[in-house]
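Thanks for coming, everyone. I have one structure to walk through today, and I'll keep it short. Let me put it on the screen.

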Amino acid sequence: MNSSNNSLNDTTKGKEIEIVQASLYLVDFIFITAIGLLIFKTVRQNSEMKKKVQYFLLCHHLLCCSLFCCFGVTYNTIRALGVKSPQIVFWIIFGVQVAIGEGVLITLTLMALNRCFAVCWPFRYLSLVHSVKHKVMIGVWMITMIKSMCLLIEGIGKSPEDIFEVVPSCSIVLGGLFARTTGITLILFLLTIIIISYCLLYREGKRAGHFNSSNSKARKTIIIHGLQMSFLLFPPLIIIAGKRDHYFILNLTAFVVFSLAQCFSPVVYGLRNKELQIKLFNRQKTSLCTHYMKNDSDIEQSERPEQLNDSELTDTRCCTPGPYFSKRTFDPSV
């Protein structure tokens, strides 16, 4: 009797967790997609920004964040509702989400590397980065998808019948030893590259005199970027390293931090960019001016009198002039 009650409580608790995670993913998806579409449209309409690798990587990073949250909403909603489906369906959805999540972290690392190359090796930057950017992104997606396929193979196990076993929910494929080891190794490798890149940036900036006592903006930017990268890299490391049942509060806290960090990505790497701020401001200003000009034109056309016949013209002249006539006839400034 006690074991059945414990099992029921664990099932209810698991569904509540899935609902919370699906809700957080949904909020992230709406916010990131809204800001991302604004940034995409601004970059696409500016020919100079389209040629810069930093905006290419930024748009790719935001796209990965948005897709990661979308698949997170789908996966956690299916698990929360207890939809009966073959395990292969859960594994595919979760595998694609893991691949896109790794794409989020890899594009974050590429953004740091791009800035490092641009500052430390400016003469070789254009010839090197612009020639390999598409090849690098194709390689990134191939590596992440192959790694996810390896996770699916590990999740299948020794019995192929498990693939088509219909269950209301399934265990997470990431629980295997191989999956945990490769996930931790990848995150530590990316973290090492980011730390080295920012150390080189700091050394070059200090040598050029950008990090003096009066330049508080540079120090503030480094602190903000450092915190953002920490919140994006360390929570997945905690979630992968610790088991969900034994470290429930820690894993849930890490997930919430990671979720909030994804929401801040469009702000930290997009809206805080000075050039992008100017383009966004000019675009919004142009849009408002166009909107007001269109409204004024519509109002003027609505106030303009239609062609009148003789009787109507006589009646109008006998009456007090309306706003249109008073403005056009009696206003000396026109």
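**Helix packing in a predicted model**

Let's start with a pair of helices. Helix 7 and helix 8, which covers residues 248–271, pack at an angle of about 145°. Their axes are 8 Å apart. The crossing of helix 7 past helix 8 is left-handed.

Who touches whom? On the helix 7 side, the contact includes Ile 224, His 225, Gln 228, Met 229 and Phe 231. Further along helix 7 come Leu 232, Pro 235, Pro 236, Ile 238 and Ile 239. Helix 8 answers with a list that includes Leu 250, Asn 251, Ala 254, Phe 255 and Phe 258. Also on the helix 8 side are Gln 262, Phe 264, Ser 265, Val 268 and Tyr 269, among others. By class, that contact has 17 nonpolar residues, five polar and no charged.

A reminder before going on: this is a predicted model.

Now the second pair. Helix 7 spans residues 216–241, and helix 4 spans residues 87–120. These two pack at an angle of about 150°, with axes 11 Å apart. Their crossing is left-handed. Helix 4 contributes Leu 105, Leu 108 and Ala 112. Helix 7 contributes Met 229, Leu 232 and Leu 233. What classes do those residues fall into? Six are nonpolar, none polar and none charged.

Note two residues of helix 7. Met 229 and Leu 232 are in the contact with helix 4, and Met 229 and Leu 232 also meet helix 8.

On to helix 6. It runs over residues 177–208, which is 32 residues. How far does helix 6 reach from its first C-alpha to its last? The span is 47 Å, close to the 46 Å expected at 1.5 Å a residue.

Which residues of helix 6 are buried? Among them are Ala 179, Gly 183, Ile 187, Leu 190, Leu 191, Ile 193 and Ile 194. Arg 180, Ser 197 and Glu 204 are on that buried list too. Just past the end of helix 6, Gly 209 has a positive phi of about 85°.

Now zoom out. The chain has eleven helices and two strands. From the N terminus, the order is α-α-α-β-α-α-β-α-α-α-α-α-α. Of the 334 residues, 34% are buried. Among contacts with a separation of 6 or more, 79% join residues 24 or more positions apart. Accessible surface comes to about 20500 Å², and carbon and sulfur atoms hold 66% of that surface.

That's my tour. Over to you.

Technical notes:
Residues are numbered from 1 along each chain as its sequence is written. This is a predicted model: local features need pLDDT of at least 70, side-chain atom pairs count only at pLDDT 80 or more; totals for chains, interfaces and linings use all residues. Side-chain values use heavy atoms; hydrogens and water are left out. Axes are lines fitted to C-alpha atoms, for helices over the stretch in contact, and angles run from 0 to 180 degrees between N-to-C directions. Helices (H or I, at least four residues) and strands (E, at least two) are DSSP runs, numbered from the N terminus. A crossing is left-handed if the near helix is turned anticlockwise from the far one by less than a right angle, and right-handed if clockwise. Contact means heavy atoms within 4.5 Å. Ala, Val, Leu, Ile, Met, Phe, Trp, Tyr, Cys and Pro count as nonpolar, Asp, Glu, Lys and Arg as charged, and the others, Gly among them, as polar. The expected span of a helix is 1.5 Å times one less than its number of residues. Buried means under 20% relative accessible area, exposed over 50%, partly exposed in between (1.4 Å probe, protein chains only). Accessible areas come from the Shrake-Rupley method with a 1.4 Å probe; for residues, only the protein chains shown count as cover.
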